[in-house]
Amino acid sequence: MPAHFDVISVGEAKVDAFMTLKDSNHSAHLIGSEICFRYGGKVPVEQYDLQMGGNAANVNVGLARLGFRTTLFAETGDDALSLLIHNSLAHENINLSHIIHDKNTASSLSMIVNFKG
């Protein structure tokens, strides 16, 4: 018998990298509301956190936490980021049977930067 789902989402499952830069960072500076870095320079990071993201994945997590049976139609790569996505979805009790793992696809990563608050 086919599985029954309350919600089926289609979209991205990606990884968000939250980076907090050191306030005393000489490799970065603010110009208005923009952060500028030296081309080719290294930027010291004080703290970082990798979390699963993507609109469809986040909707599934919220609905699963409310008790809905959810599944996600998405494509990920076959890399360490994909493993983080897979484990995060499994931890939230989201059905993984419609996730496609493609070894020729790299999982998507977005960076969120916090500098001087």
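**Figure 1. Overall fold of the predicted model.** The chain holds two helices and eight strands, in a model that is predicted. Starting at the N terminus, the order of elements is β-β-β-β-β-α-β-α-β-β. The C-alpha trace extends over about 60 × 35 × 20 Å along its principal axes. The radius of gyration of the chain is 18 Å, whereas a compact globule of 117 residues would have a value near 13 Å. Of the contacts with a separation of 6 or more, 77% are between residues 24 or more positions apart. Buried residues make up 30% of the 117 in the chain.

**Figure 2. Helix α1 and its surroundings.** Helix α1 covers residues 55–65, and its buried residues are Ala56, Ala57, Asn60, Val61 and Ala64. Viewed down the helix axis, these buried residues lie within an arc of 140 degrees, so they line one face of α1. Asn55 and Arg65 are exposed on the other side of the helix. The packing partners of the buried α1 residues are β1 (7–10), β5 (45–53), β6 (70–76) and α2 (80–91). Just after α1 comes glycine 67, with a positive phi of about 100 degrees.

**Figure 3. The largest nonpolar core.** This core consists of 13 residues, and the members with the most contacts inside it are Ala13, Met52, Ala57, Leu72, Ile85 and Leu89. At least two core residues come from each of α1, β6 and α2. Helix α1 gives the most, with four residues. What does alanine 57 touch, apart from residues up to four places away in sequence? Alanine 57 is in contact with Glu12, Ala13, Met52, Leu72 and Leu89.

Figure 4. Glutamate 92 sits in the loop between α2 and β7 (99–101). Is this residue buried or exposed? Glutamate 92 counts as buried because its relative accessible area is 16%, and the limit for burial is under 20%. Leaving aside residues up to four places away in sequence, glutamate 92 touches Val61, Ala64 and Arg65. The side chains of glutamate 92 and arginine 65 are joined by a polar contact of 2.7 Å.

Methods. Residues are numbered from 1 along each chain as its sequence is written. This is a predicted model: local features need pLDDT of at least 70, side-chain atom pairs count only at pLDDT 80 or more; totals for chains, interfaces and linings use all residues. Side-chain values use heavy atoms; hydrogens and water are left out. Buried means under 20% relative accessible area, exposed over 50%, partly exposed in between (1.4 Å probe, protein chains only). The arc is that of the directions from the helix axis to the C-beta atoms. Contact means heavy atoms within 4.5 Å. A nonpolar core is a set of buried Ala, Val, Leu, Ile, Met, Phe, Trp, Tyr and Cys residues joined through side-chain atoms within 4.5 Å. A polar contact is a pair of N or O atoms within 3.5 Å; within protein, one must be able to donate a hydrogen and the other to accept it, and residues adjacent in sequence count only if both atoms are side-chain atoms. The radius of gyration is taken over C-alpha atoms; the globule rule is 2.2 Å times the number of residues to the power 0.38.
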